[in-house]
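Please consider the model shown below, together with its sequence. The paragraphs that follow lead through selected residues, the salt bridges, the ligand site and a surface patch.

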Amino acid sequence: MNFLDLAESRYTTKKYDANKKIADETINQLKEILRLSPSSIDSQPWRFFFVSEEQMKQKLAAVSYFNEKKINEASHLVAFTAIDDIQNFEEQIHLHLPEGSIDYYNNFLKPLPEAEIKSWFQHQVYLSLGFFLSACASLGIDSTPMEGIKGEEYDKILNIKGYKTLFAVAMGYRSADDHNQPAIKPKLRLPLEQVIVSV
Ligand SMILES: Cc1cc2nc3c(=O)[nH]c(=O)nc-3n(C[C@H](O)[C@H](O)[C@H](O)COP(=O)(O)O)c2cc1C
């Protein structure tokens, strides 16, 4: 399938087939794809928590508002977190990034207020979400991006330190009667002329 076909056919899954699990080999590919996700200056201010164990998944589902049932029925859940400790981030880039990238950070980001630096970290994590949703579609995996979760509760349950959960993605295989599939419910996108400007 080419990318346009994937963009038309992927969708936010609202109901999973609880009997179908994603193979470990596919999960390993998705982990590697996330590791390869691009970020500004290759900053990689993130950590991704893959949850397959049922009890842990249920605990997280219980703090995910209206998303609870989807998570319980999905095969896997991934919590996307952004680094929340600027000093740790700076140590990480000094170990892993070339001088030019560190200079960019020092000149353009470090002087900003703490909240803006952290917001920049979080933008990078959102970018990895787009990459990940496309990757899932390319592997025939259905997915649900979810901001409707209690991030602070995720941090406690997963014992996350120095990072902060921003959102999560449930993954698995759709239930045949999921009402949100494009074949049943066409996508509601704005017209091309409104969102694309050719100059
Ligand atoms: C960052 C983000 C957060 C979202 N949070 C939720 C959520 O908590 N629960 C849910 O069912 N859908 C959630 N969605 C799905 C969007 O509503 C959906 O992507 C949008 O309506 C477009 O539909 P499509 O993904 O089926 O093409 C989220 C999507 C994004 C990108």
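Asp142 lies in strand β3; helices (H or I, at least four residues) and strands (E, at least two) are DSSP runs, numbered from the N terminus. Asp142 is buried, with a relative accessible area of 10%, where buried means under 20% relative accessible area, exposed over 50%, and partly exposed in between (1.4 Å probe, protein chains only). A polar atom of the Asp142 side chain lies 2.8 Å from the backbone nitrogen of Arg174. A polar contact is a pair of N or O atoms within 3.5 Å; within protein, one must be able to donate a hydrogen and the other to accept it, and residues adjacent in sequence count only if both atoms are side-chain atoms.

This is a predicted model, in which local features need pLDDT of at least 70 and side-chain atom pairs count only at pLDDT 80 or more, while totals for chains, interfaces and linings use all residues. Residues are numbered from 1 along each chain as its sequence is written, and side-chain values use heavy atoms, with hydrogens and water left out.

Ser128, in helix α7, is also a buried residue, at a relative accessible area of 0%. Its C-alpha atom is separated by 9.5 Å from that of Gln44, 84 residues away along the chain.

The structure holds 10 salt bridges, each defined as a side-chain nitrogen of Lys or Arg within 4 Å of a carboxyl oxygen of Asp or Glu. Lys118 counts as buried, at 16% relative accessibility.

A further pair is Glu54 and Lys57, whose closest N and O atoms are 3.4 Å apart. The two are 3 residues apart in helix α3 (residues 54-61) and so are separated by about one helical turn. Glu54 is partly exposed at 31%, whereas Lys57 is buried at 0%. Lys21 joins Glu54 and Lys57 in a network of salt bridges.

Lys15 forms a salt bridge with Asp177, with 3.1 Å between the closest N and O atoms. This pair links distant parts of the chain, 162 residues apart: Lys15 is in the loop between α1 (3-9) and α2 (24-35), and Asp177 in the loop between β4 (163-172) and α9. Lys15 is partly exposed at 29% relative accessibility, as is Asp177 at 47%.

The ligand is surrounded by 15 residues, the closest being Arg10, Thr12, Lys14, Lys187 and Arg189; a residue is near a molecule if one of its heavy atoms lies within 4 Å of it. By class, this shell has 6 nonpolar, 3 polar and 6 charged residues. An N or O atom in the side chain of Arg189 is 2.8 Å from an oxygen atom of the ligand. A backbone N or O atom of Gly148 lies 3.0 Å from a ligand oxygen atom, and a polar backbone atom of Pro145 is 3.3 Å from a ligand nitrogen atom. Of the 620 Å² of accessible area that the ligand has on its own, the protein covers 69% (Shrake-Rupley method, 1.4 Å probe; for residues, only the protein chains shown count as cover). The elements that give two or more residues to the shell are α7 (114-138) and β3 (142-146).

Key
Nonpolar A, V, L, I, M, F, W, Y, C, P; charged D, E, K, R; others polar.
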